[in-house]
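Here are my notes on the model, as numbered points. Have it open while you read.

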Amino acid sequence: MTSETAYEKLLARSREVSLIGTTSGVLGWDQETYMPPKGVAFRAEQLSYLAGLAHQLGTAPEVGEWIATCEGAPFAADDERNVNVREWRRDYDRATKIPADLVTELARVSSLAREAWIEARKKSDFAVFQPWLEKIIELSRRQADCWGWTGTRYNGLLEAYEPGARADQLTAVFADLRKTLVELLPAAKARTASVDPRKLLGHYPVEKQKQFEQQVAETMGFDFEAGRIDPTTHPFCTGLGPQDCRLTTRYDETNFTFSLFSIMHETGHGLYDQGLRRDVQGTPLGDAVSLGIHESQSRLWENQIGRSRIFWEYWFPRACDIFPGLKEKVSLEEFWTIINRVEPSYIRTESDEVTYNLHIILRFELEQALIEGTLKAADVPGVWNSRFKELFGIEVPDAARGCLQDVHWAMGGFGYFPTYTLGNLNAAQIFRAALAQNAGLENEIAGGNYGRLLSWLHKNIHEHGRRYTPNDLMRHATGEPTNASYLGQYLKAKFTAAE
Ligand code: ZN
């Protein structure tokens, strides 16, 4: 068989697997939005059937042979088909290295562990979750060994979310960031403490909120002919195909900003999705590269833009038009202060731009130690609480607001947490590069015009798909690999600027 023929077969298989994946996506989206509760059991069967089918098609022996044929006689050096072959190899190896019994055991244990975690969190009783955490750690270690790793076992797990990332490099970047954040925290807190956030509370009807956020998302460049927004409990963004991207949010009628920032975040993910190349859809070149890059797109729109002064100079008067009474409650300056309030708190998902990354740094340290075996599951609450006190200066009141707050470990997601902070670091670095490479861009953004920024993001981030590793993509777009200086500079400028 020639490389040409083998490639055509791989292409057809890749698109078939992608058809199954996006079909599962529709079922998953429906489950999280409109499905009646009694549909859950059958839906689980449907999803598990499709997952099994996709796995079987993707890991079949002939796929390995086709990849080997393409590798044996590679295309010309500048032929982008080599990128797909390289990434198909990566996916194939990772999927076939895990024996079937470990896959089944991981699925079984993580679903039971999730149940135990829900109960443990409700009762704030770590002992309920501890035996399951021990099992999950053991299975995750086996998984890393099957995949193979260099340096440290944790790297094998990290690779699943952030190709090419290494724990020692992340440790160095996060150490720089932590130093900046800890130094900045008192000033940022003082800078934003002057306005009582309750001043913003009022009655913001859901219909009005929908109207406002639709305007914002559309102006950001989200194509509503190729996407939509629906309500859910836990907001997310999912691409159901090249022209169908679904955003979700939840509403709080006392404060419109919760849903708005959640929509801006998910729209950032959605713009990445809508910016992927359609001509290579269903192959790695048409796919997002990593969680850390995906999160950079959501954080760029949510924080770098959405929490800036220039954004609200444009949008605050519009918000006042839609929500009568808003301008009597707060001035623009007070509004900015409220949406940027910095205050150490227990819950990661409710935290501000400064302390958020301290939450991640804490989890990153602990999960590495758990995987390396230098920390026992039983010691997690004690170590969590004392590290939390050191970083945030406050006592953790109970396990529900401490080590039990996140679902990630219950799902076997070791290596996932650091991608959140990578997203924040990348967002600051990418936005800075966009401003530096596009004279006058800031004025356009101030005028509510985001077209040139979005085109730049399409060209420099989205359209590359999985062509580069995340760090190489950052080098191409910004001239440097991910580092802590840009987020540090941005936060310092924001929270210590003179009035
Ligand atoms: Zn996100």
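1. A search of the whole structure turns up one cavity of 30 Å³ or more. On a 1 Å grid over the protein atoms alone, a cavity is a set of points where a 1.4 Å probe fits but cannot get out, and lining residues have an atom within 4 Å of a point. The largest cavity has a volume of about 40 Å³, a volume being the space filled by probe spheres set on the points, which are joined across faces, edges and corners.

2. Some housekeeping: this is a predicted model, where local features need pLDDT of at least 70, side-chain atom pairs count only at pLDDT 80 or more, and totals for chains, interfaces and linings use all residues. Residues are numbered from 1 along each chain as its sequence is written, and side-chain values use heavy atoms, with hydrogens and water left out.

3. What lines the largest cavity? You'll find Arg363, Trp384, Cys403, Asp406, His408, Trp409 and Phe417 there. By class that's four nonpolar, one polar and two charged residues (Ala, Val, Leu, Ile, Met, Phe, Trp, Tyr, Cys and Pro count as nonpolar; Asp, Glu, Lys and Arg as charged; the others, Gly among them, as polar).

4. Now the second largest pocket, at about 510 Å³. A pocket here is an open set of points with protein on both sides within 12 Å along at least five of seven lines. Its lining runs to 22 residues, with Ser308, Glu442, Tyr490, Ala493 and Lys494 nearest the centre.

5. Helices are DSSP runs (H or I, at least four residues), numbered from the N terminus.

6. H12 also packs on H9 (residues 206-220), at an angle of about 150° with the axes 10 Å apart. Axes are lines fitted to C-alpha atoms over the stretch in contact, and angles run from 0 to 180 degrees between N-to-C directions. So H9 is roughly antiparallel to H12 (angles over 145 degrees count as such). The contact (heavy atoms within 4.5 Å) includes Phe212 and Val216 of H9 and Trp312 and Trp315 of H12. Its residues divide into seven nonpolar, three polar and two charged.

Key. Helices (H or I, at least four residues) and strands (E, at least two) are DSSP runs, numbered from the N terminus. Angles under 35 degrees count as roughly parallel, over 145 as roughly antiparallel, 65 to 115 as roughly perpendicular and the rest as oblique.
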